[in-house]
Amino acid sequence: MNNAFGWRYLTVAALLGVVGLGVLVQVVHLQTSPEAQRITADNEFYNFTWKTYYPARGDIYDRNGNLLAGNKTVYEVGVDLHTTFDANTVALAAQMYLGLDYASAYKMITQPDAGVVYVVLKDFVPADKAEALMAFQKSVQNDPTGHNLAALAFKPHLERSYPEGSLAANLLGFVLQDGRGYYGVEEKYNNILAGVPQTLLVPTNPNQAASLPDIPPGANLILTIDRDLQAYIEQLLDKSVQDSGAASGTIIVMNPRNGEIMAMATTPRMDLNDTTQYATLFPGSTPYDRAISQAFEPGSVLKILTMAGALDSKTVTPDTTFLDTGVFNYGGATIHNWNDGAWGLQDMTGCLANSLNVCLAWVSTTMGNDPFYSYMKRFGLGHLTGIDLAGEVPGRLKLPGDGDWYPVDLATNAFGQGVAITPIQLVMAASAIANGGKMVYPHILYAIVQDGKQHNLSPQIVGTPISADTANTLNNMLAVALETEGSRGLVTGYRISGKTGTAEIPSPTGGYDSTQTNASFIGWGPTDNPQFMVYVWLERPTSSIWGSLVAAPVFKQVVQKYVVLEGIPPDSIRLQQSNGH
Amino acid sequence: MHIENVTQIVQKYRQAPWRAQRQWIGLFLLGLVGVAMVAGIYVNITTRADLAGRDIQIVNDEILTHQQENADYDTQLASLTSTDSMMKRAEAIGFQPVTPDEMTYVVVPGYQPKGPINMSSAPQLSSAPLILPAYTESLFDWFANQIDATPPSGGQP
C-alpha cells in the first residue's frame, strides 16, 4: 500500500519541484535579462526629474533700509491632463477667474499637443485671483455631477514688486516677466540681483530624497538714495513742471564729497507695478531717465567750467577785468549777452554774476583751443560718467578737427551752446569745484549684501581737472555771484555757490529759438564745506524762460528740505560747533 | 546472535520516521520564520526610510513655500509703510513736515549722525548637508565609516 502510493507522492513532489525550480529560473531570468536591464534603466530615468531652481531676486533698499523693490507671490495655473476633468467646467472657471477666453481655454485643454500632460492656462496670476479660484475649486470638489476642478494645479512663484509704486522709477528700472531687468539699477545690476538659476536632477523616489540644493539667492542692494528726499523732490518736480508749463523736468541731488546720489527724479515716471504704462508714457525715443539719457545744450551753467579752466590755466584771475560792450565778434559770428545789453567794466565774478556771454566768450578765446578743450575733456564732457545706471549717453563735445566743428564753437561753447551734455555729466564736472578740485564718480549703489555680509563701496575720485586753489577760488566767486545777483536760489542760513542757466534750444531748421529754453540751476553748499549739490533742469518752461526765475526757486526748496532731512544745521550753528570743538 | 542483539538495540533507539520528518519540517519552518523576520525587518526599515524621504520632500517644498511667503510678507509690509501711506497716516494724526525755521539744533558732545544702514546679519548656518548620513548611507557604508573612524591600536600615549 505504502509502496503503491510512494511513487505517486514522488511524482507529485518531483513535478512541484520542477515547477518551483522553473519559477526560480524565471525569477532569475527576469532579473537578469536585457529587458530587465532596460526596465531598470527606465525606472532610473523616472526616479529623477530635471528641475530648475530660480533664486529669489535680490531686494533693493534705500540708504535707510526701506524696501524699494522686493518680490511677491504669484501663481502659474495649469491643468493636469492625467486627471479626469470636465473641460467645460475648467474653461468656464478660467474665463471667470483668470480672464481667459472660454473658447481658447477649452481648446488648450481639449486639443493639447501630442504627449503633453500638463497645460499652463495662465502664469503670473495675482495671489488674490489664484486664491479665489482655489476656493472655488474647493467648493466644487464634491460636486455629484462630476463638474469638479480637481485637474487644476497651482504653482506659486515670485514676481518682482515695487512697494513704493512709481517712487524712484527712473533710476530703479523694472523687471518684466522674463525675469530680466530693464533700465536703471535693475538692468545695470541684473546679474547680481538675479543670482544664478540651477537646473538639477532631483530624485522623485522618496527612497533617494536629497536636501535642497544650496542655491544662493540674488544679492540685496542698498542704494545711496534717501527715500523721503526722493519722494519730496518727485513731488516738487511734478509741481514745478506743472506750474512752469515745462515739457519735462529733472532734479539731481548728490553729495559732492563722495558722489553718492541722494535723490534723482525726472519726468515722466511710471508705476513700476504696471509696466503696461511704458508704451504710453515713453513713446518713440522718449528717454526713460533724462538725468542720464538726454543730452542737451546746458547754457550758462557751463560757464562755471569755462571759468574753472581759465582760472586754473592762469588765463584770468578773479580780479581780471573785461570791458563788456555787449558785442563780441569771433569766428565770423557776433555774440551778444542774454539781454543784448552792454555791461561795462566787469571783473570775473561780475561776469558770472551777470552771466555775460560776451565776457565768457572772450575768456575761452583768450585761453585758446587746446587749453579750453583740454579742460572740457578733463571735466568729462563728451564721455560717459560711468554712473551705475543703465542707459547713459555720452553727450557730444565737438573738438577742433571734427567735421562739424567751427572756430565760433570755441566762443559759444564757453557759455554752453554747441555742446551737448547730460545732467549727470554736469553734476560730476561741478563736483570738482565743490570738492577741492577732485571730481567724484557719481554712483547709486551704496552696498551689496550677500550671505549676510554687507560690502560697502568706496567713493572714487575720477580725476582732478583743476587745482584745489582754483576750486576754492571759484567756489567763493560763485557764492559772491549769487549774493550779488540776489538769486532766488539763496537759502536763509546757508551760504550757497551756484549758477543759473538759460539755454536757447537749437531749432531743427538751424539757429536757435529764443522763445524756448532749457532753464536750469546748479548749486551746492554750504560753500565752505559742501555737503550737497543740486541740479534742477526744466525743459521748455512757458511761465518764464529764465532759469533764475523757474529753476532757482526749485533749487531753494530742495535745499530747504535736504538740510532738514539730513540734519545739516545753519552755517552759524555749524561754525559755532566747529569752533567750540 | 550477538549481531542480532545489536541490531535490535539500534532499532530500539532509532528515531521513529515520523519524528525525523517533524524535525526536518521544524528546521525548515525555523528557517522560513528566520527569512520572514529578515524580510519583515527589511520591509519595515525600507518603509520607514521611504516615509522619511517623503517627509523630506514635503519639508523641502514647505521651505520653498515659506521663503516665498516671507518675501511676500516683506513686500506687503513695505507697502504698508511706504512713503505715501506713512505721510497720509502722519497727516491724519496731526503731524506736518517741519521747516528749517522750526528746527532747533542742540549741540550734543560726541554725537555722531546716523549713517546709512548696515544690513549685515548674524553668521549664517553652516552649509553642512541638512540630511544626516544615517538617513542616506547603507549598512555597508556605515560599517566602512565606523572602521575608518576607529583609531588605530597602539596609538600615542
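Apart from neighbours within four places in sequence, Gly184(A) is in contact with Asn170(A), Leu171(A), Leu172(A), Gly173(A), Asp289(A), Leu389(A) and Ala390(A), contact being defined as C-beta atoms, placed from the backbone, that lie within 7 Å. The model is predicted: local features need pLDDT of at least 70 and side-chain atom pairs count only at pLDDT 80 or more, whereas totals for chains, interfaces and linings use all residues. Residues are numbered from 1 along each chain as its sequence is written, and chains are lettered from A and ligands numbered from 1 in the order in which they are written.

Gly184(A) belongs to helix α7 (residues 184-188) of chain A; helices (H or I, at least four residues) and strands (E, at least two) are DSSP runs, numbered from the N terminus. Gly184(A) is buried because 26 other C-beta atoms lie within 10 Å. The burial classes are buried at 20 or more other C-beta atoms within 10 Å of the residue's own, exposed at 12 or fewer, and partly exposed in between. Gly173(A), one of the contacts of Gly184(A), is 11 residues away in sequence and 4.4 Å away in space, C-alpha to C-alpha.

An open sheet of five strands in chain A has the order β11-β10-β24-β23-β22, with antiparallel pairing; two strands pair if DSSP finds at least two bridges between them. From one strand to the next the twist averages 10°, where axes are lines fitted to C-alpha atoms, for helices over the stretch in contact, and angles run from 0 to 180 degrees between N-to-C directions. Five antiparallel bridges join β10 (residues 248-254) of chain A to β11(A), and Ile251(A) is placed opposite Ala265(A) in β11(A). Helix α20 (residues 552-565) of chain A packs on this sheet and touches β10, β22, β23 (512-525) and β24 (532-539) of chain A, its direction making about 145° with that of β24(A).

Within β23 of chain A is Ser514(A), which counts as exposed because it has 11 C-beta neighbours inside 10 Å. Its C-alpha atom is separated by 5.4 Å from that of Glu504(A), 10 residues apart along the chain.

Helix α15 (residues 369-378) of chain A has Phe372(A), Tyr373(A), Tyr375(A) and Met376(A) buried. Viewed down the axis of α15(A), the buried residues fall within an arc of 155°, so they line one face of the helix; the arc is that of the directions from the helix axis to the C-beta atoms. The cover over these residues includes α12 (303-312), α14 (357-367), β16 (396-397) and α16 (408-413) of chain A.

Between the chains, 41 residues of chain A are in contact with 39 residues of chain B. Elements giving two or more residues to this side of chain A include β3 (67-80), β5 (152-161), β19 (445-450), β20 (453-456) and α20 of chain A. The most is given by β3(A), with five residues. β19(A) and β20(A) pair in the antiparallel sense over four bridges, with Gln450(A) opposite Lys453(A) in β20(A). The two strands form a hairpin with two residues between them, and Asp451(A) in the turn has a positive phi of about 55°.

Key. Contact = placed C-beta atoms within 7 Å.
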